[in-house]
Amino acid sequence: MRVAVEFGKSKIYTAIIANIHTTAPTAYEAKDIHQILDEYPIVNEIQLKHWEWISSYYMCTLGEVLRAALPSAFLLESETNIELYQGFASENELSDDEFLIFEALQHQPLLTIQQIMDILGKKTVFPIIKSLISKNAIVVKEQIYEQYKPKLIKYVRLKDYYKTEENLSQLLSSLNRAQKQREVILAYFQLQTTKKPIKASQLQESSGCSLAIINSLADKEILEYYFIQTDRVNFDGSENSLKPLTSFQQTAYHEIIESFTNNQTVLLKGVTSSGKTEIYAKLISEQFQLEKQVLYLVPEIALTTQLIGRLQVYFGNQLSVFHSKYSMNERVEVWNNVLDSKSKAQLIIGARSSLFLPYSNLGLIIVDEEHETSFKQHDPSPRYHARDAAIVLAQIHSSKVILGSATPSIESYYNAKQGKFGFVELINRFGNVQLPEIELVDIKEKYRKKRMTGHFSDSLITAISEALALKEQVILFQNRRGFAPVVECETCGVSPQCPQCDVSLTFHSYSKELRCHYCGYKQAMQQLCGACGSEKLDTKGFGTEQIEMELNALFPDALVGRMDLDTTRGKYGYHKIIGQFEAQEIEILVGTQMLSKGLDFANVTLVGILNADNMLNFPDFRAHERSYQLMVQVSGRAGRAEKRGKVLIQTFNPYHQILQQVSTHSYEEMFKEQIDERWQYNYPPFYRIIKLTLRHKNFLKVDDAAIWMGKSMTLVFGNLVLGPSTPSVSKIRNYYIRNLILKIPQKNSLSKTKNNLQKIINSFQVISEFKSIKLTIDIDNY
Ligand code: ADP
Ligand code: ZN
Ligand code: ZN
């Protein structure tokens, strides 16, 4: 259970009692528990076990895991800010103390818990705040989350008085002279036959009368209004039964079930549009029959509106979405529903943080698009990988895991080959649509022959024109946003840099700004070079904005849309663009890697990749694997219905082995080559990688610290240590950065290595000049 505990004289924090023992501490004097906050636990033992694993595996504290896991409303502390919940109007339900707080919040927008203690003249305030939260009177202030506005729907009903036949007939005859009002009442009875609550708007529509007429009936106390808060994950439709599986899907499904008998985890490798989702749906419904919970993990929930829509059709009110962009109240609601094993939370769809919910009875975890790098959390700690943590969670629950992807990660495919995971493959697309035809366009050649218009080759322009003529849709991919990543003076060669980071500023032409994509710094675009005053400023490279602008010039009649971080801010930003594209209000959609994630549009027949080279040249041992995955996934958006799709990839280097493998759909070949390289250069899965990052505002200090750390690590681990090195972006937000890498061969014990590393870190942290260095440890830095 949660307890409030006191630190120092006045600080109060929330903690969880994880273990009860009778060994008195010797190093310090224990204080009393201030109060117990729960009547029944809100965290279960399975969770605690899982959190302990995360803390020990990822070398972080249990407290850091707790903070990542619990919605902040559960972790009140004296500094927590409280504010009024807009729309609360039931003051008379409040106790005296609660009312005092409510009243104080009428006069000032925010109160800290410390201030509340002062107002009430007591320290025992957490239960009062808890009660106010549960009555929806107040919320914990959270800057990072969008405020949740409850959606209230206005309903009408007949006053009780008119429920007797006598009073009713009297009413109807009295309304003989008010024809319109009579029509409203008759329409009301018509609607009442459905035995469902009647919305005011519905009544207005079916009676054909204005709202003023209904209002006048309410004024006369014949009708009355009431409000119902619509459910946060809204589902109106009726549930539909699952689609019958095709024979290929059927076979794959049986192989999965078979494989589960001796494997906990099964990798399902199915080409894009092979119907993996339908197989998941079948597996989910099976778990429901066993009354088990299912977790459906997706890389990024905001990009999953289509998937949620599809699953809602099948599982309607048994599905809850857990979303880090939801407000605290919404997250608390899902937490409580899972805790109480409510049927509406039997299927949870969520991103990595949904691993932390209080499941008691998990039967299956689905990790969709398991290759996606956003499953790994980089900041803050715990820096966990949701796929790996899901497998551990499933072990604790004795449940099964299915990893699905068209382009599995090298690690998972290797594990399947090694027999650690079961393996099932789907090689046919649904409806036997062929995989798209992929053509590599050599733009070096095109530039030489003057066949380029801006960043478009003649081949791409022709293909787009053809698609538009047939009223088909087009997706264009460019993995940079903004207009141009570098602005450069033609006279002196200087380009504007971020004052806080070691990167060039990106030019955004819509806002006429220069922005830093690392820290968010922005300034107005300069007319003159800041170094020499020349007017000749040139741009280098290109982003989605520039492509959009060129499209508008090339195809002035086409409807062009753009989907990147700049156009999808806010909870529904992404939703809106997808909706427009679905409704064919957008014909050509330009975007960044957001486009690669699980979109399913029947009418898209052409995909263009503007420049394949910059992703291939990224300095990272996974760059080739990732480029392959990204290009195959983006290509997979083409030709999902009857017609075979077409993909054009523009590149300066069409003979690059990865591009050849993409164009021939040769995953196996890609895997062989990559795994050989991993073997040769001691990378995962053959070696584990621990990455240490040191940061400080003082360049010399971070250098000293990194050298000290490098020496100490080398003493213990020898040549398994790489670095210290300076990353390609060596300064972010005024912090200079140094990295150290520790590569651990499979035969070495990981826990022993971590123990030794922890000892070094402990010695490092007591050196006074290094106290201010920010040190982070990242295990399996994917
Ligand atoms: P994947 O997840 O493998 O990319 P999807 O599950 O999105 O593939 O399926 C691709 C398309 O084919 C979807 O529009 C889906 O509705 C349709 N589809 C897949 N399986 C079936 C089926 N058995 N019956 C009807 N439609 C199906
Ligand atoms: Zn200049
Ligand atoms: Zn910056």
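# Questions on a predicted model

Colleague: Which residues are the protein donors of the zinc ion (ligand 3)?
Modeller: Donors are N, O and S atoms within 2.8 Å of the metal (3.2 Å for Na, K and Ca); water is not among the atoms, so sites may look incomplete. The donor atoms at the zinc ion (ligand 3) are SG atoms, lying 2.2 to 2.4 Å from it. They belong to Cys498, Cys501, Cys516 and Cys519.

Colleague: What pLDDT do local features need here?
Modeller: Residues are numbered from 1 along each chain as its sequence is written, while chains are lettered from A and ligands numbered from 1 in the order in which they are written. The model is predicted, and side-chain values use heavy atoms, with hydrogens and water left out; totals for chains, interfaces and linings use all residues, side-chain atom pairs count only at pLDDT 80 or more, and local features need a pLDDT of at least 70.

Colleague: What arrangement do the four donor atoms make around the zinc ion (ligand 3)?
Modeller: Four donors count as tetrahedral if all angles lie between 85 and 135 degrees; four count as square planar and six as octahedral if opposite donors are over 155 degrees apart and all others between 65 and 115; anything else is irregular. The angles at the zinc ion (ligand 3) are 105 to 114°, so the arrangement is tetrahedral.

Colleague: What spacing do the donors of the zinc ion (ligand 2) follow along the chain?
Modeller: The donors at the zinc ion (ligand 2) are the SG atoms of Cys489, Cys492, Cys529 and Cys532, lying 2.3 to 2.4 Å from it. They subtend angles of 105 to 113°, so this arrangement is tetrahedral. Along the chain, the spacing is C-x2-C-x36-C-x2-C.

Colleague: At roughly what angle do the axes of α10 and α11 cross?
Modeller: Helices (H or I, at least four residues) and strands (E, at least two) are DSSP runs, numbered from the N terminus. Axes are lines fitted to C-alpha atoms, for helices over the stretch in contact, and angles run from 0 to 180 degrees between N-to-C directions. The axes of α10 (residues 247-260) and α11 (residues 276-289) come within 10 Å and cross at roughly 45°.

Colleague: How are α7 and α9 oriented to each other?
Modeller: The axes of α7 (residues 179-192) and α9 (residues 211-219) come within 10 Å and cross at roughly 85°. Angles under 35 degrees count as roughly parallel, over 145 as roughly antiparallel, 65 to 115 as roughly perpendicular and the rest as oblique. α10 and α11 are therefore oblique to each other. The angle between α7 and α9 makes them roughly perpendicular.

Colleague: Which strand holds Leu514?
Modeller: At 0% relative accessibility, Leu514 counts as buried. Leu514 is in contact (heavy atoms within 4.5 Å) with residues including Val487, Phe507 and Tyr521, not counting residues up to four places away in sequence. Leu514 lies in residues 513-515, strand β23.

Colleague: Which residues does Ala705 touch, not counting residues up to four places away in sequence?
Modeller: Ala705 lies in helix α24 (residues 699-717) and is buried at 0% relative accessibility. Its C-alpha atom is 7.7 Å from that of Leu694, eleven residues apart in sequence. The residues touched by Ala705 are Leu694, Phe764, Phe770 and Ile773.

Colleague: What is omega for the peptide bond that joins Asp379 and Pro380?
Modeller: Most residues other than glycine have a negative phi, and most peptide bonds are trans. Pro380 is in the loop between β14 (362-368) and α14 (386-397). Its bond with Asp379 is cis, with omega about -5°.

Colleague: What is phi of Lys450?
Modeller: Lys450 is in the loop between α16 (443-448) and β18 (452-453). At 73% relative accessibility, Lys450 counts as exposed. Lys450 is not a glycine, yet its phi is positive, about 55°.

How values were computed
Buried means under 20% relative accessible area, exposed over 50%, partly exposed in between (1.4 Å probe, protein chains only).
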